[in-house]
Amino acid sequence: MTSDDLLPYGYIDAHHHVWAPDSHGDAIGYGWLRDIGAMKPFGDPTPIQRDYLMAEFLSEAPDAPRASVHVQTDGTLPDPVAETRFVQAQADATDHPVKIVGLADLGAEDLTGTLDRHAESRDFCGVRQIAARLDHRPDLTFAPQDYLADEQWVNGLKILEDRGLTFDLQIYPEQAEAALEALSATPALTVIIDHALCPYDPAKITQWQAAVALMAARDNTFIKLSGWGMYDAEWDLNGGVSVQPLVSHILERFGADRVMWGSNFPVEKLATRYETCRDVHLDMVPEDAHQDVFFNSAAKTYGLTLT
């Protein structure tokens with residue numbers, strides 16, 4: 001079967017990036033993308049440390065996504081609103097329906113002002129500030145501090161909730177309980193867990209399973225099948241046999257209507273081709289769950305209306 005047979009309504013890519021460190025580096029920043037060859041938690045980023053624009057993203061597969069969700073790319077941008085404006089311009093130039101998850105420092109005094117400026121871009125819908133941190137694994141740590149224990153940062157979640165914005169949560173399994181505590185005062189906040197809750201260590205799969213179950217018990221919480229290549233560069237071999245049990249566990253705990261697929265391109269480009277990433281997931285996800293995982297969940301969660 002072709003993807004047209006399996007996805008006759010098309011599909012939404014719920015997690016990707018575009019960036020321009022070469023042509024817009026001075027204007028936007030892009031610290032890690034301009035630090036050529038410096039290792040990241042997902043490996044050597046050298047092949048993707050270049051301009052990657054919306055037109056290239058849409059050319060990755062013959063049947064491009066009908067819409068997509070762009071997620072912020074760099075936690076150290078001097079003005080994250082500049083990135084949101086750039087992405088909006090890229091989407092408008094290609095006539096591609098998009099929702100934009102921007103960066104904002106939830107603990108900053110000027111958070112409301114930053115959100116006001118983000119909202120000037122039509123398709124801005126939510127925030128991600130990566131909280132993933134492991135004290136025993138600095139090589140895998142993204143967050144410069146423990147945001148989940150910072151009272152002012154947690155108060156920022158309330159501001160998102162009050163504004164009806166979404167929050168993309170990227171954490172490690174060890175952080176699940178702390179994340180739920182941080183989210184306890186914002187039950188109406190829509191939370192989307194990025195990258196399948198980051199199963200970075202096969203030896204800790206039981207801990208990951210328990211963390212998935214914990215997060216699935218929270219209402220208004222969704223999860224993305226994305227980012228496998230960040231921790232397993234060969235995850236797509238043999239039809240994704242290494243991650244199939246993880247996908248099944250996520251679907252069992254969350255239900256297909258709270259699960260969505262995202263390519264994580266171009267980061268995932270370090271591990272696999274776009275079509276392979278999508279089609280292996282098509283094989284792993286039961287056919288009766290395809291419309292939810294590849295379309296409905298993202299459309300509902302991020303407010304994508306397609307005709």
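**View 1. The second largest pocket of the predicted model****.** The second largest pocket holds about 210 Å³ of space. Its lining includes Pro 199, Tyr 200, Asp 201, Pro 202 and Ile 205. Trp 228, Tyr 231, Asp 232, Ser 242, Val 243 and Leu 246 also line the second largest pocket. Sorted by class, the lining of this pocket has eight nonpolar residues, one polar residue and two charged residues.

**View 2. The largest pocket and the residues closest to its centre****.** Rolling a probe the size of a water molecule over the atoms shows where empty space is left. The largest pocket has a volume of about 660 Å³. It is lined by 38 residues, and those closest to the centre are Gln 72, Asp 74, Gly 75, Thr 76 and Ile 130. Helix 6, residues 111-118, gives the largest share of the lining, with three residues. The lining of the largest pocket consists of 19 nonpolar, 12 polar and seven charged residues.

**View 3. The crossing of helix 8 and helix 9****.** Two packed helices are described by the angle between their axes and the distance between the axes. Helix 8 spans residues 176-183 and helix 9 spans residues 205-216; their axes come within 9 Å and cross at roughly 15°. Helix 8 is therefore roughly parallel to helix 9, since angles under 35 degrees count as such. The crossing of the two helices is right-handed.

**View 4. The contact between helix 8 and helix 9****.** On helix 8, the contact is made by Ala 176, Glu 177, Leu 180 and Leu 183. On helix 9, Ala 211, Leu 214 and Met 215 take part. By class, this contact has six nonpolar residues, no polar residues and one charged residue.

Methods. Residues numbered from 1 in each chain as written. Predicted model: local features only at pLDDT ≥ 70, side-chain atom pairs only at ≥ 80, totals over all residues. Heavy atoms only, no water. Axes fitted to C-alpha atoms, helices over the stretch in contact; angles between N-to-C directions. Helix = DSSP H or I, 4+ residues; strand = E, 2+ residues; numbered from the N terminus. Parallel < 35°, antiparallel > 145°, perpendicular 65-115°, else oblique. Left-handed = near helix turned anticlockwise from the far one by under 90°. Contact = heavy atoms within 4.5 Å. Nonpolar A, V, L, I, M, F, W, Y, C, P; charged D, E, K, R; others polar. 1 Å grid on protein atoms, 1.4 Å probe; cavity = no way out; pocket = protein on both sides within 12 Å on 5 of 7 lines; lining within 4 Å. Points joined across faces, edges and corners; volume = space filled by probe spheres on them.
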